[in-house]
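Trainee: Before we go through this structure together, could you take me through it one question at a time?

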Amino acid sequence: MEDIKAYMESGILELYILGDVTPEEKLQVEAMAAKHPAIKAELDEIERSMEAYARENAIEPADDLRERILSSLVTNFADDRAFNKEPEETGAKVVTMVQPKTYKFYKYAFAACLALLLVSIAALISTYSKLQDSNVQIASLRSSNDKFAKTASFYHGEFDVVTDASFKFLKLQGTKKSPESQITVAWSPVRKKVWIDLRSLKVPANDDTHQYQLWALIGNKPVSLGVFDKSTADTAAMKEMQSTALADAFAVTLEPRGGSVSPTMDQMVVLGKF
Amino acid sequence: MSKKRKISLSEEELVLALGNREKIAIEALYDMYSSSLYGVISRIITDTATAEDLLQETFVKIWNSFSAYSAEKGRLFTWMVNIARNLAIDKIRSKDFKNQNKNQELENNVTFIDERKNTVYNPELLGIKDLVGTLKPDQRSIIELVYFKGYTHVEAADELGVPLGTIKTRLRMAIMLLRKHFN
């Protein structure tokens with residue numbers, strides 16, 4: 001009896017109940033319990049107190065867990081012959097249906113996103129190329145608009161020459177060097193503008209190294225009014241020269257390209273006096 | 001907290017019904033023991049979803065291996081709570097679980113749970129709160145470690161820094177007090 005008491009007081013029974021013993025100790029405790037009713041009763045006491053202690057510390061699981069767990073057990077039931085009629089379609093099967101559904105959903109969503117992205121990129125590219133076309137068109141329209149504006153202002157200037165009463169027209173006659181030459185100059189002392197009429201220009205065509213130069217003679221001093229060409233390519237009707245308020249006479253000489261500081265007198269082709 | 005009708009059987013009836021694989025036994029088993037088992041699991045595993053999964057695993061295992069239970073060897077709850085505790089301890093010691101819970105202090109779990117969840121009100125156990133006063137802190141901590149946290153008494157001795165013999169004596173004294181209290 002002393003042995004039994006010492007055995008109970010060793011604490012092995014408590015550890016046995018808590019499942020904290022080696023397999024050998026387990027067998028030993030079970031053998032002792034089978035042999036001695038006192039140990040069996042002691043074990044039962046310990047078990048009851050631990051069970052009560054667990055109940056005191058119980059935590060109620062969520063309500064929906066009951067359904068879930070019971071149905072998972074019922075599905076297990078299907079293996080047993082006693083319950084093989086209806087529980088087939090409960091529980092786990094629903095779960096397996098749900099999973100591929102969400103998987104599919106994400107697959108489709110991903111595909112849709114990808115398709116949308118491709119369409120967007122295509123739209124962006126086409127819009128961008130249209131924008132480029134528009135820019136090119138705008139640039140060409142702007143340059144032709146500039147050209148028209150220039151032409152318009154030029155014609156406006158020419159028109160002034162014809163309508164403005166202050167303009168005087170002077171026909172410069174050919175010199176001995178070139179008797180057939182003839183140039184018409186329009187000059188407005190009020191507006192200080194000088195134009196030459198290229199349509200009625202009658203001079204020999206100049207070469208690449210020479211240009212005609214217009215001179216205004218003020219007193220006896222020649223003042224350069226700029227250079228011009230006699231060329232078939234030049235289609236402009238009139239050319240505006242540098243301005244002067246004073247002029248007693250106009251003369252044109254053939255000079256090296258770019259003009260000279262003072263006229264080369266033996267190269268004079270036309271001369272006209274007021 | 002109030003629940004719909006709960007099925008309750010005597011332990012002998014329940015064991016018999018489970019042995020006969022009766023469907024009602026499952027419901028009775030759940031209604032009678034789920035909260036006690038869940039209380040133990042929740043103290044080992046704080047994550048609710050994992051704890052719920054473990055409760056399910058526990059019931060599946062109880063159901064599938066019920067033939068291994070023998071009423072001569074002990075009470076049903078003792079057998080079941082060992083299944084629950086072992087599953088929970090296996091889980092908490094598994095590699096992936098450790099990784100996902102690296103920052104959680106095991107030590108804080110008990111108080112944390114006590115604050116977060118209400119324990120079940122049970123009229124049979126009225127006045128049970130005196131129990132906290134009945135157990136000395138070192139007795140309470142040994143029970144918490146071994147019963148609720150899945151420590152072996154060797155690990156508990158290490159944790160508390162006391163000799164193995166002391167642990168055994170302390171555990172026995174604590175359970176003696178519980179016995180006195182519940183009788």
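Trainee: Is S188(A) buried or exposed?

Mentor: This is a predicted model, so every value discussed here is computed from its atoms. S188(A) sits in strand 2 of chain A, which covers residues 182–188. Because its relative accessible area is 0%, and the cut-off for this class is under 20%, S188(A) counts as buried.

Trainee: Which residue meets the side chain of S188(A) in a polar contact of 2.8 Å?

Mentor: Leaving aside residues up to four places away in sequence, S188(A) touches S166(A), F167(A) and K193(A). The C-alpha atoms of S188(A) and F167(A) are separated by 4.3 Å, although these two residues are 21 apart along the chain. The side chain of S188(A) also reaches the backbone nitrogen of R191(A) at 3.1 Å, while the side chain that it joins at 2.8 Å is that of S166(A).

Trainee: What pattern does chain A follow when it is read along the sequence?

Mentor: Chain A has six helices and eight strands, and 35% of its 274 residues count as buried. Among its contacts with a separation of 6 or more, 57% are between residues 24 or more positions apart. Read along the sequence, the pattern is α-α-α-α-α-α-β-β-β-β-β-β-β-β.

Trainee: How many residues apart in sequence are the parts that R257(A) and D229(A) tie together?

Mentor: The side chains of R257(A) and D229(A) meet in a salt bridge, with 3.2 Å from N to O. R257(A) lies in the loop between strand 7 and strand 8 of chain A, and D229(A) in the loop between strand 5 and strand 6, so the pair ties together parts of the chain. R257(A) is partly exposed at 44% relative accessible area, and D229(A) is partly exposed at 24%. The separation in sequence of the parts that this pair joins is 28 residues.

Trainee: What separates D44(A) and R48(A) along their helix?

Mentor: D44(A) and R48(A) form a salt bridge in which the closest N and O atoms are 2.9 Å apart. D44(A) counts as partly exposed at 26% relative accessibility, and R48(A) as partly exposed at 44%. Because the two residues are four apart in helix 4 of chain A, which covers residues 37–56, their separation is about one helical turn.

Trainee: How much area do chain B and chain A bury between them?

Mentor: The size of an interface is often given as the accessible area lost when the parts come together. Here 61 residues of chain B are in contact with 46 residues of chain A. Carbon and sulfur atoms supply 58% of the buried area, and the value for chain B and chain A is about 5300 Å².

Trainee: How many salt bridges does the rule find across the interface of chain B and chain A?

Mentor: Side chains of opposite charge can pair when their charged atoms come close. One salt bridge joins E51(A) and R75(B), at 2.8 Å from N to O, and a network of salt bridges links E14(A), E42(A), E45(A), R172(B) and R179(B). Across the interface of chain B and chain A, the number found is eight.

Trainee: Which helix of chain B gives the most residues to the side that touches chain A?

Mentor: Between chain B and chain A, 17 residue pairs are in polar contact. The elements of chain B that give two or more residues to this side include helix 2, helix 3 and helix 10. With 13 residues, the one that gives the most is helix 2.

Key: Residues are numbered from 1 along each chain as its sequence is written. Chains are lettered from A and ligands numbered from 1 in the order in which they are written. This is a predicted model: local features need pLDDT of at least 70, side-chain atom pairs count only at pLDDT 80 or more; totals for chains, interfaces and linings use all residues. Side-chain values use heavy atoms; hydrogens and water are left out. Contact means heavy atoms within 4.5 Å. Buried area is the accessible area (1.4 Å probe) that two parts lose on being put together, summed over both. A salt bridge is a side-chain nitrogen of Lys or Arg within 4 Å of a carboxyl oxygen of Asp or Glu. A polar contact is a pair of N or O atoms within 3.5 Å; within protein, one must be able to donate a hydrogen and the other to accept it, and residues adjacent in sequence count only if both atoms are side-chain atoms. Buried means under 20% relative accessible area, exposed over 50%, partly exposed in between (1.4 Å probe, protein chains only).
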